[in-house]
Amino acid sequence: MPALPPEFAAAADRTACRVAIRAGSKSFFAAGQLLPAEVREAAYGLYAFCRLSDDLVDDAADPAGRRDAVARLEARIGRAYAGRPADAPADRAFSEIVATYAIPEALPRALIEGFAWDAEGRRYADLGALHAYAARVAGSVGAMMALIMGTREPDALARACDLGAAMQFTNIARDVGEDARMGRLYLPLDWMDAAGLDPEAFLADPRPSPALAKVVARLLAEADVLYTRAEAGIAALPRGCRSSIRAAGLIYSEIGRVVAAHDYDSVQHRARVGTARKLVLIARAARTPAVAASLGGPSLPEAAFLIEAVAREPLVPTRRRPALRPWWDVGGRVVHVLDLIERMRERETFGRSAPS
């Protein structure tokens, strides 16, 4: 069969990434509909590669298989940056994205390092250690998204990393029981010790308790601090990108509120944000003006290496970056998103790490 012309092949890869995201993370897909088309397609391509990477590590049957998956992902990143991506839509799209938007190789490699920590079953002694993990698996993605949107200022990137960490902390708080049943523990060990919780006993028999609820509540309070810090960065984004990022933050932070409504029991309950509530949050994001404010200073120490990597990368994309189209018809876009979510309601499923 003859090869497709390059422009058709690229379009086919973008379509495959879009389909994968619609199936794997409906909230991300819906919030992404608020982005300008050029940014949206790049965001879906980036997310598809990140999701593929996460799934490859998670789906491995044993520790040796997970280590092998990490090694293969490292090689795939190297091939993507060399312009010789693996023969898969997500890899080809990722290779085009990192070249077009001058994304430093250190950022996706930080993500894979976080996956390697997952593969080895690492635990986190304190909040600083957990921040280091969140910087890798979520802050790196936030920084890459900011670059795709055309934002490279250090303070703005710091706020993008804050938002990624906030979302990751929300995920951890939501998934305490699910993670424990898979032998995983992400809560800071010193917090558990202060609450009188024995990590090994909890993993052997995950049960809700007032002590555990206090730890989960503490983690969500830290996430809320980060959501507030991140809000200052939204005004630094191009106008057409603000509503989508605000919507993603609102939906994620709402997960934490649902956890709180269950008395912080995320062992017996898995917090889910219903479709109707998502509609309200997306509409709110679209009509909330960005208020110029101080960007809040430097990054968290654990995320500083990501911002420094961007500062070292010369802004010389190897491929022409598409110009953003004017932001218009916000109301029409929101109506489209609401209709999209409504039509997906009956088919909605919740992925292991996707926002609910």
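## A tour of helix packing and cores

Select helix 8 and helix 13 to begin: Leu163, Met167, Thr170, Asn171 and Arg174 in helix 8 meet Ile245, Ala248, Gly249, Tyr252, Ile255, Gly256 and Val259 in helix 13, where contact means heavy atoms within 4.5 Å. By class, this contact of helix 8 with helix 13 comprises seven nonpolar, four polar and one charged residues (Ala, Val, Leu, Ile, Met, Phe, Trp, Tyr, Cys and Pro count as nonpolar, Asp, Glu, Lys and Arg as charged, and the others, Gly among them, as polar). Helices are DSSP runs (H or I, at least four residues), numbered from the N terminus.

The model is predicted: local features need pLDDT of at least 70, side-chain atom pairs count only at pLDDT 80 or more, and totals for chains, interfaces and linings use all residues. Residues are numbered from 1 along each chain as its sequence is written, and side-chain values use heavy atoms, with hydrogens and water left out.

Keep the pair selected and display the axes, which are lines fitted to C-alpha atoms over the stretch in contact, with angles from 0 to 180 degrees between N-to-C directions. Helix 8 (residues 154-174) packs against helix 13 at an angle of about 30°, with the axes 9 Å apart. Helix 8 is therefore roughly parallel to helix 13 (angles under 35 degrees count as roughly parallel, over 145 as roughly antiparallel).

On helix 12, select Val216, Leu220, Tyr227, Glu231 and Ile234; they meet Arg242, Arg246, Gly249, Tyr252, Ser253, Gly256 and Val259 in helix 13. The residues of this contact divide into six nonpolar, three polar and three charged.

Now turn to the largest nonpolar core, which has 91 residues; Ile103, Leu107, Phe169 and Leu187 have the most contacts inside it. Such a core is a set of buried Ala, Val, Leu, Ile, Met, Phe, Trp, Tyr and Cys residues joined through side-chain atoms within 4.5 Å, buried meaning under 20% relative accessible area with a 1.4 Å probe, protein chains only. Helix 7 (residues 127-148) gives the most to this core, with 15 residues. Apart from this core lies another, of seven residues, among them Leu34, Ile251, Leu281 and Ile282.

Finish at serine 95, in helix 5 (residues 89-100). Serine 95 counts as buried, at 3% relative accessibility. The C-alpha atoms of serine 95 and arginine 76, 19 residues apart along the chain, are separated by 9.7 Å.

Definitions and conventions
Helix = DSSP H or I, 4+ residues; strand = E, 2+ residues; numbered from the N terminus. Buried < 20%, exposed > 50% of the residue type's maximum accessible area, 1.4 Å probe, protein only. Parallel < 35°, antiparallel > 145°, perpendicular 65-115°, else oblique.
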